[in-house]
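Please consider the structure shown below, which is a predicted model.

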Amino acid sequence: MNSLVFSHPEPQRPRSRIWPVFIPFAGCPGRCVFCAQHIQTGCAQTGLDTVLKKVEADLERALELGRGPYELAFFGGTFTALPEEYPSRFLALSDKFRKLGLIIKTRCSTRPDRVTIPMLKELGAQGLDMVELGAQSLDNKALKESGRGYSGDDVHTACDAVRAAGLELGVQLMPGLPGDHDDVFQKDVRAVCNIKPDNTRLYPCLVLRGTELEKWWREDRYEPWTLARTIRELTLGVAALWKAGIPVIRMGVAPEEDLAPEIVAGPWHPALGQSVRARVLLKHVQEQVRQLGRAPERLGVPFRHSGEIFGHARELLGDYARLGLDRESIRMVDKKRFTLS
Ligand code: SF4
């Protein structure tokens, strides 16, 4: 009897612990219509000197306790547009702890229209390793109607600049923006597959309390994606990104305690990532079954994937049963790869 051995479809990536430093709205030219960083990050808007002092004290403490190593990550604002001396001061702090072995890498998020090659080279020389660009989309209509202030071409130019400066590149997309039309997200995914960043984050657009988008939603000028559509589109998108060898390091905003009551509308689910990952894996198994060319009898699942195979709340049991793989014929195995026989 023929059998197949195959790997999980997710590209391999180095895993490290991230130490996030939130700088809500710092350096931003305005507030984007969907953005409520103080809610999304669970951090109040604070002066940068206070942030610097707190991070230094927290890192000292982590060092004393023998924790780490970590990647230091500056999120929630526009790092490359911080007032002049702050990027250097943050990077000097990171460098101090890199020399002590606590920090192994430094990354930041920023806007595509706030980077240039000389500036990025300078920041790279000061210890910055990766830039995550909050592109959100490369579609001109969606970018315009969302008031982002740059074009799809600007996103390409920014990605090129990060690469030309010798830094690693991350790209963040936001499916379901105002101005969404046709097949925008899947087109964005195809564009990102061509850009080939080192990683991506996918944050479906939510309506958060106090944002301009909440006003638009209440005036019937904006309709968020449904959860069903979001899961469907993300499944297609993640499958394409994984196939292109691009890791997806985050799907949906983190389930911060204070976040749920602030989501007025939109496709939020605490297990969104798990649900989508499991569906992409299911698609992969379906493809293997087609290649097998007959009804399967047994699926061996590596232990490390046992928690995800059936999806959130075992929602995919029925899909596997329809493939001919009922619960009894799916076994967890002490192997690195899947086996289908
Ligand atoms: S989306 Fe980015 S640029 Fe816009 S306000 Fe939020 S953090 Fe600032």
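Phe 25 belongs to the loop that runs between strand E2 (17-22) and helix H1 (37-40). Its phi is near 65 degrees, a positive value in a residue other than glycine. Buried residues have under 20% relative accessible area; Phe 25, at 8% relative accessibility, therefore counts as buried.

A positive phi also occurs at Lys 196, where the angle is near 55 degrees, again in a residue other than glycine. Lys 196 is found in the loop between H7 and strand E7 (199-202). Because its relative accessibility is 44%, Lys 196 counts as partly exposed, a class that lies between the limits of 20% and 50%.

Helix H7 itself comprises residues 184-195. From the first C-alpha to the last, the 12 residues of H7 reach 16 Å, close to the 16 Å expected at 1.5 Å a residue. The helix is mostly covered, with nine of its 12 residues buried. Among them are the nonpolar residues Val 184, Phe 185, Val 189 and Ile 195, but Gln 186 and Asp 188 are buried in H7 as well.

Helix H2 (residues 48-64) has 17 residues, which should span 24 Å at 1.5 Å a residue; its end C-alpha atoms are 24 Å apart, and so the two values agree. Which residues of H2 are buried? They are Leu 48, Val 51, Leu 52, Val 55, Leu 59 and Ala 62. Seen down the axis of H2, these buried residues fall within an arc of 100 degrees, and therefore they line one face of the helix. An α-helix has 3.6 residues a turn, so residues three or four places apart point the same way. The face of H2 turned away from the buried side carries the exposed residues Lys 53, Lys 54 and Glu 64.

The loop between H2 and strand E3 (70-75) contains Pro 69. The peptide bond that leads from Gly 68 to Pro 69 is cis, with omega near 0 degrees.

The ligand remains to be described. The space that the ligand takes is the largest pocket. Around the ligand there are 13 residues, of which Cys 28, Gly 30, Cys 32, Cys 35 and Arg 111 come nearest.

Terms used
Residues numbered from 1 in each chain as written. Predicted model: local features only at pLDDT ≥ 70, side-chain atom pairs only at ≥ 80, totals over all residues. Heavy atoms only, no water. Near = heavy atom within 4 Å. 1 Å grid on protein atoms, 1.4 Å probe; cavity = no way out; pocket = protein on both sides within 12 Å on 5 of 7 lines; lining within 4 Å. Sits in = over half its atoms within 2 Å of the grid points. Helix = DSSP H or I, 4+ residues; strand = E, 2+ residues; numbered from the N terminus. Expected span 1.5 Å × (residues − 1). Buried < 20%, exposed > 50% of the residue type's maximum accessible area, 1.4 Å probe, protein only. Arc of directions from axis to C-beta.
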